[in-house]
Amino acid sequence: MRLRRALDKLGMALFVALAALAVAPLFWLIADVYIKGAAAIAKLGGLWTFLLCPPPTPFDKEGGVGPMLVGTLYMTALGALAGFAVGFPLGVYIGEMGRERLAQIARAGVNILVEFPTVAIGLFVYAVMSLAVDDLNRYILSKLPGGWFLGPLEGFNAYAGAVALAIVMIPYVALATASAYASIERPLREAAYGVGGREFNAVFIVLRKVVSRAVLTAALIGTAKVAGETAPLLFTAFGNAYYSPFTGPTGAVSLWIWYAAQSPYEVQILSAYGAAAVLLTIVLVIFILARVLR
């Protein structure tokens, strides 16, 4: 008996040690980014200067990630909205019609897409944009008034970046929505059809309220995922160090980190550390919000 208790305690201690070993790199990474990032932001002029000003040139002593932060927030918001608009009904179809052949093919497709290299998604959007941008400008966009948000598109632009981020987000929303709908118990489903009447009302109004927390959590986790993406933006938004219209090359915090981390100049390397802290804060806030709402 004593030997069994000793073995139980030893096994439990081993599990705790392995769990601590698994999460230690995460907390080490977060602490390292915030310690070095906070020091870099203070050295580059303080928080507001860092959040609002353009990035430093090799000869500057102060600077920030203002244009990149605006670009990240704009492209993430558009990409999340578009990704949810496609991913949610797709997930409902997979979850409700899971036995149909087409639904099974759709599930296989989103399972492949969730593992797809995001740089390949960026290349795909770039190729499509290259083929379509001239016709779009000639027949539709050239007639718009122009400005920061509307007007003829350049080869690299924020909307191409948002489309790439939306494609990255679709499988996360679709799979979580499908799992949530598939987990609804049969009596509750029958009651929903009895109350809702038509199938559309039962699925998208009555049953949606049952799974709303799970779907919202999936949307927020997907948004956190795309907010930190770099690869799909390399060939779509391209990056920009200045405030400029979203119809042309647009900066993103993740792109600036990738660029500045390779710079030989200390001021830009410091800027990369500060930008990493800002981007990590955005991702963590969205992730914590998702956990709270779960």
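The lining of the second largest pocket draws at least two residues each from α1 (2-43) and α12 (266-293), helices here being DSSP runs of H or I with at least four residues, numbered from the N terminus. Helix α1 gives the most to this lining, with five residues. The lining consists of Leu 26, Phe 27, Leu 29, Ile 30, Val 33, Ile 257, Ala 276, Leu 279, Leu 280 and Leu 284. By class these are ten nonpolar, no polar and no charged residues, where Ala, Val, Leu, Ile, Met, Phe, Trp, Tyr, Cys and Pro count as nonpolar, Asp, Glu, Lys and Arg as charged, and the others, Gly among them, as polar. The volume of the second largest pocket is about 200 Å³.

The model is predicted: local features need pLDDT of at least 70 and side-chain atom pairs count only at pLDDT 80 or more, while totals for chains, interfaces and linings use all residues. Residues are numbered from 1 along each chain as its sequence is written, and side-chain values use heavy atoms, with hydrogens and water left out.

A pocket is an open set of points on a 1 Å grid over the protein atoms alone, with protein on both sides within 12 Å along at least five of seven lines; a cavity is a set of points where a 1.4 Å probe fits but cannot get out, and lining residues have an atom within 4 Å of a point. Volumes are the space filled by probe spheres set on the points, which are joined across faces, edges and corners.

The largest pocket holds about 390 Å³ of space. Its lining comprises 19 residues, of which Met 68, Asn 240, Ala 241, Trp 256 and Tyr 259 are the closest to its centre. Helix α11 (residues 253-260) gives the most to this lining, with four residues. The lining of the largest pocket has 14 nonpolar, five polar and no charged residues.

One cavity of 30 Å³ or more was counted. The volume of the largest cavity is about 40 Å³. Both α3 (66-96) and α9 (212-227) supply at least two residues of its lining, and α3 gives the most, with three residues. Residues lining the largest cavity include Thr 72, Met 75, Glu 229 and Ser 254. The lining of the largest cavity divides into six nonpolar, three polar and one charged.

Trp 48 lies in helix α2 (residues 47-52). With a relative accessible area of 63%, Trp 48 is exposed (over 50%, with a 1.4 Å probe and protein chains only).

Note on methods:
Buried means under 20% relative accessible area, exposed over 50%, partly exposed in between (1.4 Å probe, protein chains only).
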